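Please read these comments with the sequence and the structure open beside you, and look for each residue as it comes up.

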Amino acid sequence: MDLQEAFLQLALLGANWVLWILVALSVASVAIVIERWLFFRGVAGRDSALLKPLSEKLAKDDIEGAAGVVKNGTSPGARMLVSMLEVADRGPGSARAVAEGNRAQEKLRLEKHLGFLGTVGSNAPFIGLFGTVLEILRVFHLLGEQGVTTGEDASGIMNGISEALVATAIGLLVAIPAVIAYNAFQRRVKQVLSEADALTGMVVSQLAERNEKAN
């Protein structure tokens, strides 16, 4: 069996299996959207809320107290500050270096599974189009074998083509929400990271002032 014949046999299976792939991708996308929404809801505004208590602790040169404020924090800025405050006695340069290293890890945590959404948004229409092509090939193969002799046959062919277009429609239906969610979550990543940067920047500034006074 040559490659063309093998592909024809695949086409004769129709587009149902492609539709099931799209359904699976849709279910996975919805699960990721819910998980990420709950995650971002849990960390929203938490770093901004830490600005005042941390500033007060550091103004009193209370490093241990500041560490206690962020000890059990789940927001990116709080998690970054745990390591930063551990090296506070080494100066602001060390704290800044630790913050930059941890920021990359926190960005990865914020973007968890977003690559999947982006991939689904980009490729679901092509998967649907593939299903449409398979279904159209199946219809025309049957047309070549049986021919069109009655109006009923022509109606069956038109129904087959309309069913083929369902795959493209479902592909778009899966892709559009995935793209919207991907873009929305990317904006949330930038917002949360900007809050974390403001928090860590404030701490580095306070540590620099502390270092100047010590010298």
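**Notes on the helices and selected residues**

1. A198 is a residue of helix α8, and this placement, like everything that follows, is taken from a predicted model. With a relative accessible area of 42%, A198 is partly exposed, because the value falls between the 20% under which a residue is called buried and the 50% over which it is called exposed. Although A198 and S48 are 150 residues apart in sequence, their C-alpha atoms are 8.0 Å apart in space.

2. Turning to the chain as a whole, the protein chain has eight helices and zero strands, so that reading along the sequence gives the pattern α-α-α-α-α-α-α-α. Of the 215 residues in the protein chain, 34% are buried, while the accessible surface comes to about 12,300 Å², with 60% of that area belonging to carbon and sulfur atoms. When contacts with a separation of 6 or more are considered, 82% of them are between residues 24 or more positions apart.

3. T168 also belongs to helix α8, which covers residues 151-214, and its relative accessible area of 21% makes T168 partly exposed, since buried means under 20%. The C-alpha atoms of T168 and L129 are separated by 4.9 Å, although the two residues are 39 residues apart along the chain. If residues up to four places away in sequence are not counted, T168 touches G128, L129 and T132.

4. Does the length of helix α6 agree or disagree with what its number of residues predicts? Helix α6 runs over residues 92-110, and its 19 residues, at 1.5 Å a residue, should span 27 Å; the end C-alpha atoms are 26 Å apart, which agrees. Within α6, the buried residues include P92, A95, A99, N102, E106 and L110.

5. A polar atom of the R36 side chain lies 3.1 Å from the backbone oxygen of R109. Not counting residues up to four places away in sequence, R36 touches R109, L110, E111, K112, L114 and F185.

6. Helix α2 also holds V30, which is partly exposed, with a relative accessible area of 46%. On the surface, V30 forms a nonpolar patch together with I34, W37 and L38, and the accessible area of these residues together is about 400 Å².

7. Where in the chain is S75 found? S75 is in the loop between α4 (63-70) and α5 (76-86), and it counts as buried because its relative accessibility is 1%. The side chains of S75 and D47 are joined by a polar contact of 2.5 Å. Leaving aside neighbours within four places in sequence, S75 is in contact with V43, R46, D47, L50 and R109.

Notes:
Residues numbered from 1 in each chain as written. Predicted model: local features only at pLDDT ≥ 70, side-chain atom pairs only at ≥ 80, totals over all residues. Heavy atoms only, no water. Polar contact = N/O pair within 3.5 Å; in protein donor to acceptor, adjacent residues only side chain to side chain. Contact = heavy atoms within 4.5 Å. Patch = residues over 30% accessible without salt bridge, like charges linked within 9 Å, V, L, I, M, F, W, Y side chains within 5 Å. Areas by Shrake-Rupley, 256 points an atom, 1.4 Å probe, with all protein chains shown as cover. Salt bridge = Lys/Arg side-chain N within 4 Å of Asp/Glu carboxyl O. Helix = DSSP H or I, 4+ residues; strand = E, 2+ residues; numbered from the N terminus. Buried < 20%, exposed > 50% of the residue type's maximum accessible area, 1.4 Å probe, protein only. Expected span 1.5 Å × (residues − 1).
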